[in-house]
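Thanks for coming. I will talk about aromatic rings today, and I will keep it short. Please have a look at the screen.

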Amino acid sequence: MKLKTSKWFRFNWNLKIFPLSIFKKMYDEMSSKDCTLYWRHTMKEIPAETPCILWLGTKGVTKESKKLQGIVGIGKVVDNKKYQFDSCSAPWYLKELRDIGPKRPLSNMVFAKIQLIATTEEAFVSSETIKSTFKKDVFWISGYGKSSFIKEDKNLNDLIELVMEEVKSRRSRAS
């Protein structure tokens, strides 16, 4: 997956809302195809080809999933469309989101189509590594739990380079 360097978008993953077991099943399914999936956000539009990360924060993290805290995916937004689904048209994994209900129907949510390389074992770059390497708190990259564009920061390119190196390293070990 080739990624242009420009403005980066962060998609946040909350385990309380989207459990790890459902993500694993969905990602295994998507990996056998083209790794394209839909992820929720609150932006009006995200331009096509925008590079993105998938950030797993602290909400819903258990002892078993703690090693996933940090950047667990990297990819790009496929197109600039806003996707909306109802309970009939949504992919099965979106119907599993735990915050859907009468007060927050699926039809009121907006999704982006993204192509993603992800991990379900251990973060590509953990939140602890980010803190120690860049000598700052992770809020510059985590965005306080909200999916949005990442504020430009002189360390962002170095961080993305770390992620890409780890992705390449894991792929070479797997083959």
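Which residue lies over the face of F149? That residue is K7, at 5.1 Å from the ring centre. Before going on, please note that this is a predicted model.

There is another lysine to point out. K25 has its charged end over the ring of W92, and the distance to the centre of that ring is 4.7 Å.

Now to rings that pair with rings. Searching the whole structure gives 13 aromatic pairs. I will go through two of them.

One is formed by Y38 and Y83, with an edge-to-face arrangement. Their centres are 5.0 Å apart, and the angle between the planes is 65 degrees. Where do these two residues sit in the chain? Y38 belongs to strand 2, residues 36–41, while Y83 is in the loop between strand 4 (70–77) and strand 5 (110–118), so this pair ties together parts that are 45 residues apart in sequence. As for accessibility, Y38 and Y83 are both buried.

The other pair is F85 with F111, and this one is tilted. Here I have 5.6 Å centre to centre and 55 degrees between the planes. F85 is in the loop between strand 4 and strand 5, and F111 is in strand 5, so the two are 26 residues apart and the pair links distant parts of the chain. Are these two buried or exposed? F85 has a relative accessible area of 11%, so F85 is buried. F111 has a relative accessible area of 0%, so F111 is buried too.

Last item: a cluster. W13, F18, F23, Y27 and W39 are linked into a cluster by ring pairs.

Technical notes
Residues are numbered from 1 along each chain as its sequence is written. This is a predicted model: local features need pLDDT of at least 70, side-chain atom pairs count only at pLDDT 80 or more; totals for chains, interfaces and linings use all residues. Side-chain values use heavy atoms; hydrogens and water are left out. Rings of Phe, Tyr and Trp (its six-membered ring) pair if their centres lie within 6.5 Å; planes under 30 degrees apart count as stacked, over 60 as edge-to-face and the rest as tilted. Helices (H or I, at least four residues) and strands (E, at least two) are DSSP runs, numbered from the N terminus. Buried means under 20% relative accessible area, exposed over 50%, partly exposed in between (1.4 Å probe, protein chains only). A charge sits over a ring if NZ of Lys or CZ of Arg is within 6 Å of the ring centre and within 35 degrees of the ring normal.
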